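I wanted to get my bearings in a structure that was new to me. These are my notes, in the order I looked things up.

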Amino acid sequence: MTDDLPQAPRRARHLMDPNAPQRDTINSAGTTRVQKWVMSTLVVTTILHLAGGLLVAAWFIEPDQTAPRVGLSVIAGAFGVLAVAAGLAIHKRPLVTPWLLLGLLPMVVGLVLFV
């Protein structure tokens with residue numbers, strides 16, 4: 001006696017089987033890696049927004065007052081370095097690297113625009 005039920009098509013091994021989905025555990029390597037990238041992205045962009053806000057504040061200071069404009073630009077650079085260092089710390093990378101120079105970019109932009 002033969003079954004009249006159609007055979008399910010054979011799936012390639014790299015595709016998910018909808019009848020038996022595989023779930024990541026909470027502390028799996030993939031989940032932890034994604035959590036680190038999400039957290040570092042949020043931290044770095046939040047701190048860089050603060051640095052950008054300081055540059056915008058410097059933009060609205062009177063042009064003849066150079067000291068406060070330069071001061072806010074330097075503080076923005078310090079926050080930029082802090083943002084890069086926080087991203088490196090989350091990924092457990094060495095903090096003293098040439099990448100910290102990238103954090104000085106807000107200060108350079110501020111000094112070019114305001115001096």
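**Entry 1: what kind of model**
I am working from a predicted model, so I keep that in mind throughout.

**Entry 2: helix H1**
I started with H1, which runs over residues 29–59. How far apart are its end C-alpha atoms? I got 45 Å, and since 31 residues at 1.5 Å a residue should span 45 Å, the two agree. Next I looked up which residues of H1 are buried, and found Ser40, Ile47, Ala51, Leu54, Leu55 and Ala58. Those buried residues pack against H2 and H3.

**Entry 3: helix H2**
H2 covers residues 66–90. I ran the length check here too: its 25 residues should span 36 Å at 1.5 Å a residue, and the end C-alpha atoms are 36 Å apart, so that agrees.

**Entry 4: H1 with H2**
Before going through the pairs, a reminder to myself: two packed helices are described by the angle between their axes and the distance between the axes. For H1 and H2, the axes come within 8 Å and cross at roughly 180°. An angle over 145 degrees counts as roughly antiparallel, so I put H1 and H2 down as roughly antiparallel to each other. Sorting their contact by class gave me 19 nonpolar, 4 polar and 2 charged residues.

**Entry 5: H2 with H3**
H3 is made of residues 105–114, and its axis comes within 7 Å of the axis of H2, with a crossing of roughly 160°. That makes H2 roughly antiparallel to H3. I also checked the handedness, and H2 passes H3 in a right-handed crossing. Which residues make the contact? On the H2 side I listed Thr66, Arg69, Val70, Ser73, Val74, Ala76, Gly77 and Gly80. On the H3 side I listed Pro106, Met107, Gly110, Leu111 and Phe114. By class they divide into 7 nonpolar, 5 polar and 1 charged.

**Entry 6: H1 with H3**
Do H1 and H3 run roughly parallel or antiparallel? Their packing angle is about 10°, with the axes 10 Å apart. An angle under 35 degrees counts as roughly parallel, so H1 and H3 are roughly parallel to each other. Ala51, Leu55, Ala58 and Trp59 of H1 meet Pro106, Val109, Gly110, Leu113 and Phe114 of H3. This contact has 8 nonpolar residues, 1 polar and no charged ones.

**Entry 7: Ser73**
I picked Ser73, which sits in helix H2. Is Ser73 buried or exposed? Its relative accessible area is 0%, so it is buried. Leaving out residues up to four places away in sequence, I found that Ser73 touches Leu55, Met107, Gly110, Leu111 and Phe114. Leu55 is also on my list of buried residues in H1.

**Entry 8: Val44**
With a relative accessible area of 22%, Val44 is partly exposed. Again leaving out residues up to four places away in sequence, Val44 touches Ala83 and Gly87. I also looked up Gly80, which is 36 residues from Val44 along the chain. The C-alpha atoms of Val44 and Gly80 are separated by 8.6 Å.

Notes. Residues numbered from 1 in each chain as written. Predicted model: local features only at pLDDT ≥ 70, side-chain atom pairs only at ≥ 80, totals over all residues. Heavy atoms only, no water. Axes fitted to C-alpha atoms, helices over the stretch in contact; angles between N-to-C directions. Helix = DSSP H or I, 4+ residues; strand = E, 2+ residues; numbered from the N terminus. Parallel < 35°, antiparallel > 145°, perpendicular 65-115°, else oblique. Left-handed = near helix turned anticlockwise from the far one by under 90°. Contact = heavy atoms within 4.5 Å. Nonpolar A, V, L, I, M, F, W, Y, C, P; charged D, E, K, R; others polar. Expected span 1.5 Å × (residues − 1). Buried < 20%, exposed > 50% of the residue type's maximum accessible area, 1.4 Å probe, protein only.
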